[in-house]
Amino acid sequence: MRNWMGVIKGMITVGLVITVLGLLFTDRGIVTDAPGGTTDSASAEEPGKGQLEDSSGDVLPTVLAGVEQDTSQGAGTGGSADPDIAGEDEETSLSYINNKDALSERELIERGKVIYLTFDDGPGKYTAELLDILAKYDIKATFFVTGGNEGYFDMIGRAKDEGHTIGIHCYNHDYKKVYASEHAYFADLEKIDEIIFDQTGERAQLVRFPGGSSNISSKFNPGIMTRLTGMVEEKGYRYFDWNVLSGDAGDTKDTEEIIRNMIDGILKKDISVVLQHDLYDYSIAAVEEVILWGLENGYAFLPLSMESPTIHHPIAN
Ligand SMILES: [Zn+2]
(Lines give C-alpha, C1' and ligand atoms only; values in the text may rest on other atoms or scores of the structure.)
Protein backbone atom coordinates (compact mmCIF):
# COMPACT_ATOMS: atom_id res chain seq x y z
CA MET A 1 0.00 0.00 0.00
CA ARG A 2 2.72 2.35 1.04
CA ASN A 3 4.72 1.43 -2.06
CA TRP A 4 1.78 2.17 -4.27
CA MET A 5 1.35 5.57 -2.61
CA GLY A 6 5.03 6.23 -3.22
CA VAL A 7 4.72 5.28 -6.88
CA ILE A 8 1.66 7.46 -7.36
CA LYS A 9 3.33 10.36 -5.58
CA GLY A 10 6.43 9.87 -7.72
CA MET A 11 4.37 9.87 -10.89
CA ILE A 12 2.64 13.08 -9.87
CA THR A 13 6.00 14.67 -9.07
CA VAL A 14 7.48 13.61 -12.42
CA GLY A 15 4.38 14.92 -14.18
CA LEU A 16 4.74 18.23 -12.38
CA VAL A 17 8.41 18.53 -13.29
CA ILE A 18 7.66 17.77 -16.94
CA THR A 19 4.86 20.31 -16.90
CA VAL A 20 7.09 23.00 -15.42
CA LEU A 21 9.91 22.21 -17.86
CA GLY A 22 7.41 22.35 -20.67
CA LEU A 23 6.32 25.74 -19.49
CA LEU A 24 9.86 27.03 -19.30
CA PHE A 25 10.43 26.13 -22.90
CA THR A 26 7.10 27.25 -24.16
CA ASP A 27 7.17 30.00 -26.71
CA ARG A 28 6.10 33.11 -24.92
CA GLY A 29 4.78 34.72 -28.00
CA ILE A 30 6.05 37.81 -29.67
CA VAL A 31 6.27 40.83 -27.48
CA THR A 32 6.10 43.82 -29.68
CA ASP A 33 4.82 46.24 -27.10
CA ALA A 34 3.70 48.53 -29.81
CA PRO A 35 1.75 51.32 -28.23
CA GLY A 36 -1.87 50.69 -28.89
CA GLY A 37 -3.32 54.09 -28.32
CA THR A 38 -6.97 54.26 -28.97
CA THR A 39 -9.46 56.98 -29.04
CA ASP A 40 -12.88 56.72 -27.68
CA SER A 41 -15.84 58.94 -27.86
CA ALA A 42 -15.10 60.61 -24.58
CA SER A 43 -11.49 61.47 -25.14
CA ALA A 44 -8.43 60.89 -27.21
CA GLU A 45 -5.55 59.49 -25.29
CA GLU A 46 -1.95 59.01 -26.13
CA PRO A 47 -0.68 55.47 -26.02
CA GLY A 48 0.82 54.94 -22.68
CA LYS A 49 3.58 53.19 -20.98
CA GLY A 50 2.46 50.88 -18.26
CA GLN A 51 5.00 50.39 -15.57
CA LEU A 52 5.39 47.00 -14.07
CA GLU A 53 6.71 47.05 -10.60
CA ASP A 54 6.21 44.81 -7.66
CA SER A 55 5.14 45.84 -4.23
CA SER A 56 8.71 45.97 -2.97
CA GLY A 57 9.42 48.62 -5.56
CA ASP A 58 11.59 46.49 -7.80
CA VAL A 59 10.85 47.46 -11.30
CA LEU A 60 9.94 44.52 -13.46
CA PRO A 61 9.95 44.71 -17.25
CA THR A 62 8.13 47.73 -18.49
CA VAL A 63 5.22 47.16 -20.77
CA LEU A 64 3.47 49.53 -23.02
CA ALA A 65 -0.16 49.93 -22.31
CA GLY A 66 -2.75 50.59 -24.94
CA VAL A 67 -4.61 53.44 -23.44
CA GLU A 68 -8.24 54.03 -23.86
CA GLN A 69 -10.92 55.87 -22.07
CA ASP A 70 -13.20 53.72 -20.08
CA THR A 71 -16.38 55.34 -21.21
CA SER A 72 -18.98 52.93 -20.14
CA GLN A 73 -21.52 53.95 -17.63
CA GLY A 74 -22.78 51.59 -15.07
CA ALA A 75 -22.38 49.66 -11.93
CA GLY A 76 -19.79 47.19 -10.81
CA THR A 77 -19.17 43.71 -9.70
CA GLY A 78 -16.42 42.53 -7.51
CA GLY A 79 -14.49 39.64 -6.20
CA SER A 80 -11.33 39.36 -4.24
CA ALA A 81 -8.89 36.59 -3.76
CA ASP A 82 -5.26 35.98 -3.54
CA PRO A 83 -3.88 33.42 -5.88
CA ASP A 84 -4.18 30.07 -4.20
CA ILE A 85 -0.80 28.69 -4.88
CA ALA A 86 -0.86 25.57 -2.77
CA GLY A 87 -2.04 22.64 -4.81
CA GLU A 88 0.55 20.23 -3.44
CA ASP A 89 0.07 16.69 -4.68
CA GLU A 90 -2.82 17.85 -6.76
CA GLU A 91 -2.98 16.69 -10.28
CA THR A 92 -1.60 19.39 -12.51
CA SER A 93 -2.19 19.55 -16.20
CA LEU A 94 -1.16 22.06 -18.81
CA SER A 95 -4.78 22.94 -19.29
CA TYR A 96 -5.06 24.32 -15.83
CA ILE A 97 -2.08 26.55 -15.30
CA ASN A 98 -4.09 29.01 -13.33
CA ASN A 99 -4.09 30.04 -9.72
CA LYS A 100 -4.32 26.42 -8.58
CA ASP A 101 -0.94 25.78 -10.11
CA ALA A 102 2.12 25.20 -7.98
CA LEU A 103 3.84 28.31 -9.30
CA SER A 104 3.52 31.53 -7.31
CA GLU A 105 2.24 34.73 -8.88
CA ARG A 106 5.81 36.05 -8.99
CA GLU A 107 7.08 32.91 -10.70
CA LEU A 108 4.30 33.09 -13.23
CA ILE A 109 5.06 36.77 -13.84
CA GLU A 110 8.72 35.95 -14.45
CA ARG A 111 7.69 33.19 -16.81
CA GLY A 112 5.35 35.52 -18.68
CA LYS A 113 2.07 34.50 -20.28
CA VAL A 114 -0.10 35.84 -17.49
CA ILE A 115 -3.59 37.16 -18.10
CA TYR A 116 -5.50 39.25 -15.60
CA LEU A 117 -9.11 39.41 -16.74
CA THR A 118 -10.71 42.54 -15.30
CA PHE A 119 -14.33 43.60 -15.45
CA ASP A 120 -15.48 47.15 -14.82
CA ASP A 121 -18.84 48.76 -14.21
CA GLY A 122 -20.69 45.76 -12.78
CA PRO A 123 -22.31 44.09 -11.08
CA GLY A 124 -25.16 43.82 -13.51
CA LYS A 125 -27.50 41.59 -15.34
CA TYR A 126 -24.76 39.37 -16.84
CA THR A 127 -22.45 39.08 -13.86
CA ALA A 128 -23.93 35.77 -12.67
CA GLU A 129 -23.45 34.23 -16.10
CA LEU A 130 -19.87 35.48 -16.15
CA LEU A 131 -19.21 34.00 -12.71
CA ASP A 132 -20.58 30.67 -13.94
CA ILE A 133 -18.15 30.70 -16.88
CA LEU A 134 -15.19 31.58 -14.66
CA ALA A 135 -16.19 28.85 -12.18
CA LYS A 136 -16.41 26.27 -14.94
CA TYR A 137 -12.68 26.68 -15.64
CA ASP A 138 -11.69 27.66 -12.11
CA ILE A 139 -10.42 31.00 -13.39
CA LYS A 140 -10.11 33.88 -10.94
CA ALA A 141 -10.62 37.41 -12.23
CA THR A 142 -10.96 40.95 -10.92
CA PHE A 143 -14.10 43.04 -10.65
CA PHE A 144 -13.88 46.82 -10.33
CA VAL A 145 -17.35 47.52 -9.11
CA THR A 146 -19.75 50.43 -9.15
CA GLY A 147 -22.97 51.32 -7.41
CA GLY A 148 -25.02 51.52 -10.59
CA ASN A 149 -27.14 48.39 -10.24
CA GLU A 150 -28.34 47.96 -6.70
CA GLY A 151 -30.34 44.86 -7.58
CA TYR A 152 -27.12 42.95 -8.29
CA PHE A 153 -25.01 43.97 -5.32
CA ASP A 154 -25.17 40.39 -4.03
CA MET A 155 -23.02 39.40 -6.99
CA ILE A 156 -20.17 41.28 -5.30
CA GLY A 157 -20.42 38.87 -2.39
CA ARG A 158 -20.70 35.87 -4.67
CA ALA A 159 -17.66 36.93 -6.69
CA LYS A 160 -15.64 37.38 -3.51
CA ASP A 161 -16.79 34.01 -2.16
CA GLU A 162 -15.73 32.35 -5.38
CA GLY A 163 -12.20 33.68 -5.11
CA HIS A 164 -12.26 36.74 -7.33
CA THR A 165 -10.74 40.08 -6.42
CA ILE A 166 -13.09 42.95 -5.71
CA GLY A 167 -11.76 46.39 -6.46
CA ILE A 168 -13.19 49.88 -6.28
CA HIS A 169 -14.27 51.57 -9.50
CA CYS A 170 -16.74 54.20 -8.35
CA TYR A 171 -20.19 54.56 -6.89
CA ASN A 172 -21.44 57.03 -9.46
CA HIS A 173 -19.84 56.75 -12.91
CA ASP A 174 -20.35 60.43 -13.69
CA TYR A 175 -17.04 62.11 -14.48
CA LYS A 176 -18.37 65.57 -13.67
CA LYS A 177 -19.35 64.44 -10.21
CA VAL A 178 -16.64 61.98 -9.31
CA TYR A 179 -13.82 64.26 -10.45
CA ALA A 180 -15.39 67.50 -9.20
CA SER A 181 -12.87 67.62 -6.36
CA GLU A 182 -10.62 65.40 -4.27
CA HIS A 183 -13.30 65.44 -1.61
CA ALA A 184 -15.94 64.35 -4.12
CA TYR A 185 -13.72 61.53 -5.38
CA PHE A 186 -13.04 60.07 -1.96
CA ALA A 187 -16.64 60.50 -0.83
CA ASP A 188 -17.66 58.45 -3.85
CA LEU A 189 -14.90 55.89 -3.21
CA GLU A 190 -16.02 55.43 0.38
CA LYS A 191 -19.61 54.99 -0.73
CA ILE A 192 -18.78 52.08 -3.02
CA ASP A 193 -16.31 50.67 -0.51
CA GLU A 194 -19.13 50.59 2.04
CA ILE A 195 -21.18 48.46 -0.35
CA ILE A 196 -18.20 46.18 -0.92
CA PHE A 197 -17.76 45.86 2.84
CA ASP A 198 -21.46 45.06 3.30
CA GLN A 199 -21.24 42.34 0.67
CA THR A 200 -17.87 40.83 1.45
CA GLY A 201 -16.98 41.80 5.02
CA GLU A 202 -13.74 43.32 3.74
CA ARG A 203 -12.52 46.68 2.49
CA ALA A 204 -11.18 46.83 -1.02
CA GLN A 205 -7.50 47.55 -1.57
CA LEU A 206 -7.41 47.89 -5.32
CA VAL A 207 -8.74 50.83 -7.29
CA ARG A 208 -9.43 51.50 -10.93
CA PHE A 209 -10.23 55.09 -11.76
CA PRO A 210 -13.30 55.76 -13.88
CA GLY A 211 -11.82 56.30 -17.33
CA GLY A 212 -8.44 55.07 -16.12
CA SER A 213 -5.70 57.22 -14.61
CA SER A 214 -5.05 58.62 -18.11
CA ASN A 215 -8.57 59.93 -18.62
CA ILE A 216 -9.04 63.42 -19.95
CA SER A 217 -12.72 63.49 -19.13
CA SER A 218 -11.58 65.09 -15.89
CA LYS A 219 -9.85 67.99 -17.62
CA PHE A 220 -12.55 70.38 -16.44
CA ASN A 221 -10.66 70.03 -13.14
CA PRO A 222 -7.03 70.61 -14.13
CA GLY A 223 -4.52 68.32 -12.47
CA ILE A 224 -7.08 66.24 -10.59
CA MET A 225 -5.70 62.90 -11.85
CA THR A 226 -2.16 63.86 -10.91
CA ARG A 227 -3.35 64.63 -7.40
CA LEU A 228 -5.69 61.64 -7.03
CA THR A 229 -3.20 59.03 -8.24
CA GLY A 230 -0.80 60.21 -5.55
CA MET A 231 -3.50 60.38 -2.90
CA VAL A 232 -4.93 56.88 -3.40
CA GLU A 233 -1.47 55.40 -3.01
CA GLU A 234 -0.76 57.51 0.07
CA LYS A 235 -3.94 56.07 1.54
CA GLY A 236 -2.64 52.56 0.97
CA TYR A 237 -4.59 51.57 -2.13
CA ARG A 238 -3.04 50.38 -5.35
CA TYR A 239 -4.56 51.50 -8.62
CA PHE A 240 -4.56 49.51 -11.83
CA ASP A 241 -5.12 50.55 -15.41
CA TRP A 242 -5.06 48.02 -18.28
CA ASN A 243 -2.92 47.21 -21.30
CA VAL A 244 -5.28 45.11 -23.40
CA LEU A 245 -8.56 46.44 -24.68
CA SER A 246 -11.51 44.27 -25.56
CA GLY A 247 -13.15 47.19 -27.32
CA ASP A 248 -16.46 46.49 -25.61
CA ALA A 249 -16.85 50.05 -24.31
CA GLY A 250 -18.09 51.54 -27.54
CA ASP A 251 -15.79 50.27 -30.28
CA THR A 252 -17.75 47.14 -31.04
CA LYS A 253 -20.68 45.00 -29.98
CA ASP A 254 -19.45 42.07 -32.03
CA THR A 255 -18.36 39.15 -29.86
CA GLU A 256 -16.00 37.74 -32.49
CA GLU A 257 -14.29 41.12 -32.77
CA ILE A 258 -14.00 41.35 -28.99
CA ILE A 259 -12.37 37.90 -28.94
CA ARG A 260 -9.93 38.97 -31.66
CA ASN A 261 -9.13 42.23 -29.86
CA MET A 262 -8.40 40.37 -26.66
CA ILE A 263 -6.26 37.62 -28.20
CA ASP A 264 -4.36 40.06 -30.44
CA GLY A 265 -3.66 42.26 -27.42
CA ILE A 266 -2.63 39.36 -25.19
CA LEU A 267 -0.21 38.04 -27.84
CA LYS A 268 1.69 41.34 -27.67
CA LYS A 269 2.25 41.19 -23.91
CA ASP A 270 3.99 39.01 -21.38
CA ILE A 271 1.58 40.28 -18.77
CA SER A 272 -1.90 41.28 -19.88
CA VAL A 273 -4.41 43.27 -17.89
CA VAL A 274 -7.51 43.00 -20.04
CA LEU A 275 -10.37 45.48 -19.79
CA GLN A 276 -13.93 44.25 -20.21
CA HIS A 277 -17.28 45.33 -18.83
CA ASP A 278 -19.69 42.83 -17.32
CA LEU A 279 -22.63 44.97 -18.30
CA TYR A 280 -22.67 43.70 -21.86
CA ASP A 281 -23.82 40.25 -22.95
CA TYR A 282 -21.80 40.50 -26.16
CA SER A 283 -18.64 40.97 -24.10
CA ILE A 284 -19.39 38.21 -21.60
CA ALA A 285 -20.00 35.91 -24.58
CA ALA A 286 -16.32 36.35 -25.51
CA VAL A 287 -14.92 35.17 -22.21
CA GLU A 288 -15.17 31.40 -22.59
CA GLU A 289 -13.41 31.33 -25.93
CA VAL A 290 -10.58 33.52 -24.65
CA ILE A 291 -10.20 31.29 -21.60
CA LEU A 292 -10.04 28.17 -23.77
CA TRP A 293 -7.53 29.80 -26.09
CA GLY A 294 -5.44 30.96 -23.13
CA LEU A 295 -5.39 27.57 -21.42
CA GLU A 296 -4.55 25.78 -24.65
CA ASN A 297 -1.65 28.14 -25.18
CA GLY A 298 -0.16 27.88 -21.72
CA TYR A 299 -1.37 31.13 -20.22
CA ALA A 300 -2.09 31.55 -16.52
CA PHE A 301 -5.17 33.49 -15.47
CA LEU A 302 -4.78 35.33 -12.18
CA PRO A 303 -6.77 37.78 -10.09
CA LEU A 304 -5.10 41.11 -9.38
CA SER A 305 -3.65 41.45 -5.90
CA MET A 306 -1.58 43.91 -3.91
CA GLU A 307 1.44 41.96 -5.20
CA SER A 308 0.54 42.10 -8.89
CA PRO A 309 2.71 44.03 -11.31
CA THR A 310 1.53 47.58 -11.72
CA ILE A 311 0.04 48.60 -15.00
CA HIS A 312 -0.22 52.38 -15.07
CA HIS A 313 -1.10 54.66 -17.94
CA PRO A 314 0.62 58.00 -18.32
CA ILE A 315 -1.38 60.63 -16.53
CA ALA A 316 -2.80 63.17 -18.94
CA ASN A 317 -4.40 65.55 -16.48
ZN1 LIG B 1 -16.01 52.33 -15.92
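1. Two strands count as paired if DSSP finds at least two bridges between them. Strands (E, at least two residues) and helices (H or I, at least four) are DSSP runs, numbered from the N terminus. On that basis strand 3 and strand 9 pair in the parallel sense, over seven bridges. Within this pairing, Tyr116 stands opposite Val273 of strand 9.

2. The model is a predicted one: local features need pLDDT of at least 70, side-chain atom pairs count only at pLDDT 80 or more, and totals for chains, interfaces and linings use all residues. Residue numbers start from 1 along each chain as its sequence is written.

3. Overall content. The chain has nine helices and ten strands. Of its 317 residues, 49% are buried. Buried here means that 20 or more other C-beta atoms lie within 10 Å of the residue's own; exposed means 12 or fewer, partly exposed is in between, and C-beta atoms are placed from the backbone. Two residues are in contact if their C-beta atoms, placed from the backbone, lie within 7 Å. Among contacts between residues at least 6 apart in sequence, 80% join residues at least 24 apart.

4. Strand 9. Seven of the seven residues of strand 9 are buried, so the strand is largely enclosed by the rest of the structure. In a regular strand, side chains alternate between the two faces of the sheet. In strand 9 both faces are covered: Ile271, Val273, Leu275 and His277 are buried on one side, and Ser272, Val274 and Gln276 on the other.

5. The other partner. Strand 9 also pairs in the parallel sense with strand 8 (residues 244-245), over two bridges. Here Leu245 has Leu275 of strand 9 as its bridge partner. The chain runs from strand 8 through helix 8 to strand 9, and this β-α-β crossover is right-handed; that is, with the strands pointing away from the viewer, the path from the first strand over the helix to the second runs clockwise.

6. Helix 8. This helix has 13 residues and reaches 18 Å from first C-alpha to last, close to the 18 Å expected at 1.5 Å a residue; the expected span is 1.5 Å times one less than the number of residues. Its buried residues are Ile258, Asn261, Met262, Gly265 and Ile266. They cover an arc of only 120° around the axis, which puts them on the same side of helix 8; the arc is that of the directions from the helix axis to the C-beta atoms. The face turned away from the buried side carries the exposed residues Glu256 and Asp264. The buried residues of helix 8 pack against strand 3, strand 8, strand 9 and helix 9.

7. Helix 9. Residues 281-296 form helix 9, which has 16 residues and reaches 24 Å between its first and last C-alpha, close to the expected 22 Å. Buried residues in helix 9 include Ile284, Val287, Val290, Ile291 and Leu295. The elements that the buried residues of helix 9 pack against include strand 3 (114-120), helix 3 (127-136), helix 8 (255-267) and strand 9 (271-277). Just after helix 9, Gly298 takes a positive phi of about 80°.

8. Core. A nonpolar core is a set of buried Ala, Val, Leu, Ile, Met, Phe, Trp, Tyr and Cys residues joined through C-beta atoms within 7 Å. The largest one has 68 residues, and Val114 and Val274 have the most contacts inside it. Helix 9 gives the largest share of this core, six residues. Leaving out residues up to four places away in sequence, Val274 touches, among others, Ile115, Leu117, Trp242, Met262 and Ile266.

9. Trp242. This residue lies in the loop between strand 7 (238-239) and strand 8. Trp242 counts as buried, with 26 C-beta neighbours inside 10 Å. Trp242 and Val273 are 31 residues apart in sequence and 4.8 Å apart in space, C-alpha to C-alpha.

10. Backbone points to check by eye. A cis peptide bond, with omega about 0°, joins Gly122 and Pro123; Pro123 is in the loop between strand 3 and helix 3. Lys113 is not a glycine but has a positive phi of about 60°. Lys113 lies in the loop between helix 2 (105-111) and strand 3, and is buried, with 22 other C-beta atoms within 10 Å. Asp138, also a residue other than glycine, has a positive phi near 55°. Asp138 is in the loop between helix 3 and strand 4 (142-146) and counts as partly exposed, with 14 C-beta neighbours inside 10 Å.
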